[in-house]
Amino acid sequence: MLFVLKHEAAGETWFISSRSSLANMSRLVGTNVRHSMYALLYIALGIAFIVVAIVWWSLRRISNPIAAMNQWTKGLNENNLNLPVPDFVFAELNDFAKLIHQSLCSAKSGIEREEQLLRQTSHELRTPISVIRNNVELARKIQSNTLSPEMDGNILDRIDRASLTMKQMTDTLLWLNKDETRPPDKVPLRLDTVVGDIIDPLQYLLQGKKVDLNLSLEPVTLSLPEAAVRIVIGNLVRNAFQHTQQGEVDITVAGQTVIIANRESAPDDVPDDLGFGLGLKLTEQLVEKMGWSCVTEVHTGLYRVVLTFC
């Protein structure tokens, strides 16, 4: 096979020719093909390596946050639920982690409420239950004898007062453990009348004590949820009567405010828990739930509570 190449230089035309046989052409084509195949193979291997590296990096970038969230979830407990949720890079993982955290916080809150309810119930209802059982036992022992109307009335009064205490405390616990967002219905209330109605059945707590009860009840009508008002004021009054051994208890109603103060006339004999009690703690929680204001002032021999219906 003859190849001719025309070339012009310095005004002259030159023809360059080359003769190749079929054998030489086959070797040349084969060499070029091999070189091209090797080049393509190297390119393909390079592309495959790059693709594998990109896939490995992508999987690692995804798997690391998932593994971190898995470890974080396994390590969650009641001691670290208050810590902020870590950042897991991807918005979907962050949303899922927040959902898990909120669910666990809600479950923890429910468990704590149940535990608190059990503690408060067992502690606060122990005394009235004991009173009821003791008086029932006393009634059984002397049932064969003729009971005087006075003795019979005293036994029934003690049982009635103990059951009233249990009812008030049960109402308080139920209010505190209600998981409701809708506020209770409000009705027009004569606050001074409500306070007077609450004080009367609780005055037995002052019997046998040198305690003066001073009342200043200004006539006022407010729109309030009656059950919650009676629970809160009832617990505060009962708490003041119960923890005052000698001195004065002042109860004032003025506008939207109820002030209850108990003073001990012998400060040296004042107990450390003057004015305190589980009933008051329950009341503070209920006041917070209702959005009212309850301010306490503690001095030597004086405990003062200012309740404001906002």
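**Close-up views of the predicted chain**

**View A. Cys105 is partly exposed, at 28% relative accessibility.** Partly exposed lies between buried (under 20% relative accessible area) and exposed (over 50%), using a 1.4 Å probe and protein chains only. Cys310 is exposed, because its relative accessible area is 65%. The structure holds zero disulfides, a disulfide being a pair of cysteine sulfur atoms within 2.5 Å. The model is predicted: local features need pLDDT of at least 70, side-chain atom pairs count only at pLDDT 80 or more, and totals for chains, interfaces and linings use all residues. Residues are numbered from 1 along each chain as its sequence is written, and side-chain values use heavy atoms, with hydrogens and water left out.

**View B. The whole protein chain has seven helices and nine strands.** Helices (H or I, at least four residues) and strands (E, at least two) are DSSP runs, numbered from the N terminus. Of the 310 residues in the chain, 30% are buried. Contacts are heavy atoms within 4.5 Å. Among contacts with a separation of 6 or more, 67% join residues 24 or more positions apart.

**View C. Residues 270–276 have pLDDT under 50.** pLDDT is the predictor's confidence in each residue, from 0 to 100. Over the protein chain its mean is 77, and 72% of residues reach 70 or more. For residues 270–276, the model has 18 contacts beyond four places in sequence. Where pLDDT is low, predicted coordinates should not be read in detail.

**View D. The largest nonpolar core has 36 residues.** Such a core is a set of buried Ala, Val, Leu, Ile, Met, Phe, Trp, Tyr and Cys residues joined through side-chain atoms within 4.5 Å. Leu191, Val229, Ile233, Phe241 and Phe309 have the most contacts inside the largest one. At least two of its residues come from each of α5 (191–199), β5 (221–224), α6, β6 (246–254), β7 (257–264), α7 (278–290) and β9 (302–308). Helix α6 gives the largest share, nine residues. A second, separate core has eight residues, including Met69, Leu76, Leu81 and Phe88.

**View E. Phe309 touches residues from several parts of the chain.** Leaving out residues up to four places away in sequence, Phe309 touches Leu191, Leu222, Leu224, Val229, Ile233, Gln256, Val258 and Trp292. Of these, Leu191, Val229 and Ile233 join Phe309 among the residues with the most contacts inside the largest core.

**View F. Helix α6 is mostly covered.** Of its 18 residues, 14 are buried. The helix runs over residues 226–243. Asn239 lies in α6. Asn239 is buried, because its relative accessibility is 6%. Its C-alpha is 10.0 Å from that of Leu202, 37 residues away in sequence.

**View G. Helix α5 is mostly covered too, with seven of its nine residues buried.** The buried residues are Leu191, Asp192, Val194, Val195, Gly196, Ile198 and Ile199. They pack against β3 (187–190), β4 (210–217), β5, α6, β6 and β7.

**View H. Asp185 sits in the loop between α4 (149–176) and β3.** Asp185 is exposed, because its relative accessible area is 59%. Beyond four places in sequence, Asp185 touches Leu224 and Pro225. Asp185 and Leu224 are 39 residues apart along the chain, and their C-alpha atoms are separated by 7.7 Å.

**View I. Asn77 is found in the loop between α1 (22–74) and α2 (91–124).** At 35% relative accessibility, Asn77 is partly exposed. Its C-alpha lies 9.8 Å from that of Cys105, which is 28 residues away along the chain.

Technical notes
Expected span 1.5 Å × (residues − 1).
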